[in-house]
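Hi everyone, thanks for coming.

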Amino acid sequence: MGNVLLQYATVLMLTIFVGIEIIAKVPSILHTPLMSGSNAIHGVILVGSMLVLGSANTNLEEILGFLAVLFATLNVVGGFVVTDRMLEMFKAKPKAAVKKTDEVAQ
Amino acid sequence: MSRETLIDLLYLFSATTFILALKGLGSPKRARMGNGVAAVGMLVAIVATFFKYTADGHPLHHVWLIVLAMAIGVLIAVPTARFVKMTAMPQLVAIFNGVGGGAAALVSITEFVHIKSTHPATYVTLEVLLGVLIGTVSFSGSAIAFAKLQELMTGRPITYPGQQILNGVFGLGALVLIVTILSTNSSALLWVLLALAFVLGIAFVLPIGGADVPVLISLLNAFTGLAVAASGFTLGSNLLIVAGTLVGASGILLTRMMSKAMGRSLSNVLFSAFGSNITATGDGVREDGRTVRSGSPEDAGVLMSFASRVVIIPGYGLAVAQAQHVLRELAEELEAKGIEVFFAIHPVAGRMPGHMNVLLAEANVPYEQLQELDEANSELQTADVALVVGANDTVNPAAKDDKNSPIYGMPIINADLAENVLFLKRSMRPGFAGIENELLYNPKTMLIFGDAKDTLTKILATVKNG
């Protein structure tokens, strides 16, 4: 038991440093997409939600687990779709602008 | 290879994609791919989980219930995320974050109910309680943040006497409850903690208003990450620990970076009820009798036609008026006349850092024309016209000169460096921070009152004909 806890604590510590290092040099224009993207990533709680609903024995556990899966799905799916929508614009820009002026010219 | 090992390997793959995704999201070129990589990793983790066995060695029960809940979630989330207006993006992130926090709290509670007959070790109970506390605060806090941004309630800070003390009591109460539950293992008290955490989330968010709400959302996002990590400890899942901690750690750093972009400290953002004192009178007359100078859109159009360099300073009002497209047309028209045009983007223009870039990108403004604060301020020294559209606090010179101003110290765009300032405004109402803007009374400044879209259309017509 002690070993398992220690192993998780190790993962926790290392990940804290990775998390800080990885975004240390982000330009401010990407703050919003970054927040939104990491918002989608913590939607991984869906995996935990599936596990608790999948091992539910009582009605109470089933109801709570069902809600958890529903909420977590909203988080994951909504999070990724919104982030993609934001970033779509960053990328498609130069081409789309050219295309649009062409259309207007015709 | 055993089934469990294979699933754990797939989880390792997913955890790796999350790290790569966060890395990618930090660069404009790879951001979209980063998001896609994380989505693939997530899908792999979810599919793998369907094949996992429960702690007592059976395949997952209630598979159809799981699928049903997921289907309902997808049916709600996709259209919402796809079709909500870009201006409403911040509150959308808030609500998706809130349900994530709620899910983390629910997972912790359900697991506690599930294992409590086996008398779990104290540290397991502590993990559960932290998951419930942090997840629920994130849930109710995000709900209030959503309501504020969606204008279901006032966006300004809500304060009352003794607020800080009461919040302190709530926090302390939660701590005492946790200790009591740990020593008594009472599951009845768990529900009390849940209720208290819910109230704490609301009470914590009420005094935060206006431009500070996005910073708050970033913090609550980090909270959800930490709640997910706590659930990971309870469930014994490295994947949840890695993903949750990544978001928690990077989220707290991101929150600090955001407050710094506004020239404030994080604790100042969270506890100072910034913007609750509206000092602006909004009548257009200073105590010393100076008044504003206003002009017509045609005046503005003529002025710009004769300029050789124009810097456009957009703010959230631009998005509210849905005037991005007209503004882009105006910029193109000016460029066609050989006038240099730049957009000066303040880091907190819009409702979130980077929000303005997204809105202008949507209107097809080329990326090269967008300039960040420092570049913009050096361009402005040689600009003939600074056109302020829907911005206010981000060009307020009080941030530089007035030590008593609540926004003192915030980096601003020095619109007053330009030869002329055109200030498009709907009324004399103050901006998000609720303070008077000295720039409006500057002799260089000409105000053009009216709806931004309307005014810009008229300016565009004048420039075209001129």
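Let's start with chain A, which reads α-α-α-α along its sequence. That makes four helices and zero strands. Keep in mind as we go that this is a predicted model.

How much of chain A counts as buried? Of its 106 residues, the share is 54%. On the contact side, take the pairs in chain A with a separation of 6 or more: 56% of those contacts join residues 24 or more positions apart.

Now, confidence. Chain A has a mean pLDDT of 84, with 82% of its residues at 70 or more. Which elements of chain A mark the two ends of that scale? Helix α3, residues 45-54, has the highest mean pLDDT at 96, while helix α4, residues 59-105, has the lowest at 77. Please treat residues 92-106 of chain A with some care: pLDDT stays under 50 there, and the model has ten contacts beyond four places in sequence for that stretch.

On to the partner. Chain B is divided into three pieces: domain 1 covers 1-83, domain 2 covers 90-276 and domain 3 covers 297-465.

Let's zoom in on one helix pair across the contact. Two packed helices are described by the angle between their axes and the distance between the axes. Here we have helix α2 of chain A, residues 31-41, and α1(B): their axes come within 9 Å and cross at roughly 170°. The angle is over 145 degrees, so α2(A) and α1(B) are roughly antiparallel to each other. From α2(A), the contact uses Pro33(A), Leu34(A), Gly37(A), Ser38(A) and Ile41(A); from α1(B), it uses Phe18(B), Ala21(B), Leu22(B) and Leu25(B). By class, that gives seven nonpolar, two polar and no charged residues.

Next, for anyone who likes backbone torsions, two spots in chain B. Most residues other than glycine have a negative phi. Glu151(B) is not a glycine, yet its phi is positive, about 60°. You'll find Glu151(B) in the loop between α5 (122-149) and α6 (163-184) of chain B. Is Glu151(B) buried or exposed? It is exposed, with 9 other C-beta atoms within 10 Å.

Gln322(B) also has a positive phi, near 55°. Its place is in the loop between α12 (316-320) and α13 (324-336) of chain B. Gln322(B) is partly exposed, with 15 other C-beta atoms within 10 Å.

Val40(B) is partly exposed, and 13 other C-beta atoms lie within 10 Å. How far apart are Val40(B) and Tyr160(B), C-alpha to C-alpha? They are 47 Å apart in space and 120 residues apart in sequence.

How values were computed: Residues numbered from 1 in each chain as written. Chains lettered and ligands numbered in written order. Predicted model: local features only at pLDDT ≥ 70, side-chain atom pairs only at ≥ 80, totals over all residues. Domains from an automatic or database assignment. Buried ≥ 20, exposed ≤ 12 C-beta atoms within 10 Å, placed from the backbone. Contact = placed C-beta atoms within 7 Å. pLDDT = per-residue confidence, 0-100. Axes fitted to C-alpha atoms, helices over the stretch in contact; angles between N-to-C directions. Parallel < 35°, antiparallel > 145°, perpendicular 65-115°, else oblique. Nonpolar A, V, L, I, M, F, W, Y, C, P; charged D, E, K, R; others polar.
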